[in-house]
Amino acid sequence: MEFSLSYIDIGIILVYLVGVLYLGFYFGSKHKDAEDYFLAGRSLTWPIIGFSCLHQTCRATAWWAYGAGYKTVFRCSSHEWVAVLILIIFAIFFSHFI
């Protein structure tokens with residue numbers, strides 16, 4: 001199997017890398033300390049945090065596992081059903097006791 005990249009492929013990769021570095025340095029310069037970086041200045045609302053949790057569930061490794069499960073007839077993501085119950089318990093706990 002032969003692997004080769006054309007000039008347009010290399011150009012797209014370079015534009016992507018430069019764009020990611022630019023965005024990283026741009027947004028990284030806006031944070032004052034670690035708390036501001038990790039907690040977003042405590043300014044996030046619940047829909048944004050919910051979409052972040054959804055994104056963590058639908059990451060690329062999960063899609064790869066779905067494909068492997070489809071190919072081998074194995075249910076790779078059955079743990080997500082149990083995770084829903086645990087997340088509800090945590091939400092109730094944190095909303096009432098903290």
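The questions below concern the fold, the confidence, the surface and the aromatic residues.

User: Which pattern does the protein follow, read along the sequence?

Analyst: This is a predicted model, and its secondary structure comes to five helices and zero strands. Read along the sequence, the protein therefore has a pattern made up of helices, as the helix definition numbers them from the N terminus. That pattern is α-α-α-α-α.

User: In which helix is confidence lowest, and what is the mean there?

Analyst: For the protein as a whole, the mean pLDDT is 77, and 73% of the residues reach 70 or more. Confidence is highest in helix α1 (residues 7–28), at a mean of 94. At the other end of the range, confidence is lowest in helix α4 (residues 60–72), with a mean of 62.

User: What percentage of the residues count as buried?

Analyst: The accessible surface of the protein comes to about 9,500 Å², and 74% of that surface belongs to carbon and sulfur atoms. To count as buried, a residue must have under 20% relative accessible area. Of the 98 residues of the protein, the share that counts as buried is 5%.

User: How is the aromatic pair of Phe 90 and Phe 94 classed?

Analyst: The structure holds four aromatic pairs, and in the one formed by Phe 90 and Phe 94 the rings are 6.2 Å apart centre to centre, with 45° between the planes. Because these two residues are four apart in helix α5 (residues 79–97), they are separated by about one helical turn. Planes under 30 degrees apart would count as stacked and those over 60 as edge-to-face, so the angle of 45° makes the pair of Phe 90 and Phe 94 tilted.

User: What is the geometry of the pair formed by Phe 93 and Phe 94?

Analyst: Phe 94 is partly exposed, with a relative accessible area of 45%. The ring centres of Phe 93 and Phe 94 lie 5.4 Å apart, and Phe 93 also counts as partly exposed, at 39% relative accessibility. Their planes stand at 70°, so the pair is edge-to-face.

User: Which residues does Glu 35 touch, not counting residues up to four places away in sequence?

Analyst: Glu 35 has its place in helix α2 (residues 34–39). With 45% relative accessibility, Glu 35 counts as partly exposed. Leaving out residues up to four places away in sequence, Glu 35 touches Ala 40, Gly 41 and Arg 42.

Methods. Residues numbered from 1 in each chain as written. Predicted model: local features only at pLDDT ≥ 70, side-chain atom pairs only at ≥ 80, totals over all residues. Heavy atoms only, no water. Phe/Tyr/Trp six-rings, centres within 6.5 Å; stacked < 30°, edge-to-face > 60°. Buried < 20%, exposed > 50% of the residue type's maximum accessible area, 1.4 Å probe, protein only. Areas by Shrake-Rupley, 256 points an atom, 1.4 Å probe, with all protein chains shown as cover. pLDDT = per-residue confidence, 0-100. Contact = heavy atoms within 4.5 Å.
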